[in-house]
Amino acid sequence: MSKVPRSFRLLEELEKGEKGLGPESCSYGLADADDITMTRWNGTILGPPHSNHENRIYSVSIECGPKYPDEPPTITFISKINLPCVDQSTGEVNKEKFNTLKDWKRLYNMETILLDLRKEMASPANKKLVQPEEGSTFK
C-alpha cells in the first residue's frame, strides 16, 4: 500500500477542518493561510459537559513537523488547563503522558488528538480537577 504524501494528507485535513465536517466539539485550521508548508495550525476544544471544563473553550496550537503524519505533531495549549499530560509551565502536551501521542499511528490526525484530549478532560480522574481562571493563558 502506498503512503499518502504529507502535503496531500494536510490538504485533506484542512478541507475537513474548514468545512466543519468534523465533530462539533472541536475545530482546527491553519494559523496562517499563507503557510504553504501547512506547519502551524490552531485548534479549539469545547470543554466536555458534567466536568470542571464545561462551558469553556480551550485554544491549542498544533505544529505538524516535516515528518507528519509518520510522527505526531506538537500540541501546546494556549488556554491554561490543569491536566496531568500538560506541562504547567509551557502548556505543551507531554508525548509520554498522553497515549494518543505516545502510541502514535499514521492513521491518526489532528481531529483524533483534539477528541482524545477532550476525552482526557472528561475522564473520571480529570473531570473534577481544579482549573485555572477562565481566560488565562500560558503565553
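1. Helices (H or I, at least four residues) and strands (E, at least two) are DSSP runs, numbered from the N terminus.

2. Some ground rules. This is a predicted model, where local features need pLDDT of at least 70, side-chain atom pairs count only at pLDDT 80 or more, and totals for chains, interfaces and linings use all residues. Residues are numbered from 1 along each chain as its sequence is written, and side-chain values use heavy atoms, with hydrogens and water left out.

3. The sheet is open and has four strands, in the order E1-E2-E3-E4, with antiparallel pairing. Its edge strands are E1 (26-30) and E4 (74-77), each pairing on one side only. Two strands pair if DSSP finds at least two bridges between them. Neighbouring strands are turned by 25° against each other on average, direction ignored. Axes are lines fitted to C-alpha atoms, for helices over the stretch in contact; angles run from 0 to 180 degrees between N-to-C directions.

4. E2 (residues 40-46) is joined to E1 by five bridges, and the two run antiparallel. Ser27 stands opposite Thr44. Leu30 has Trp41 as its bridge partner in E2.

5. On to E3 (residues 57-63). Seven bridges join E3 to E2, again antiparallel. Trp41 has Ile62 as its bridge partner in E3.

6. Helix H1 (residues 6-19) lies across E1 and E2, at about 125° to E1. At 1.5 Å a residue, its 14 residues should span 20 Å, and the end C-alpha atoms are 20 Å apart, which agrees. The expected span is 1.5 Å times one less than the number of residues.

7. Which residues of H1 are buried? They are Arg6, Arg9, Leu10, Glu13, Leu14 and Gly17. Seen down the axis of H1, they fall within an arc of 135°, so they line one face of the helix. The arc is that of the directions from the helix axis to the C-beta atoms. Buried means under 20% relative accessible area, exposed over 50%, partly exposed in between (1.4 Å probe, protein chains only).

8. The buried residues of H1 pack against E1, E2 and helix H3 (110-122); contact means heavy atoms within 4.5 Å. The face turned away from the buried side carries the exposed residues Phe8, Glu18 and Lys19. Gly20 follows H1, with a positive phi near 65°.
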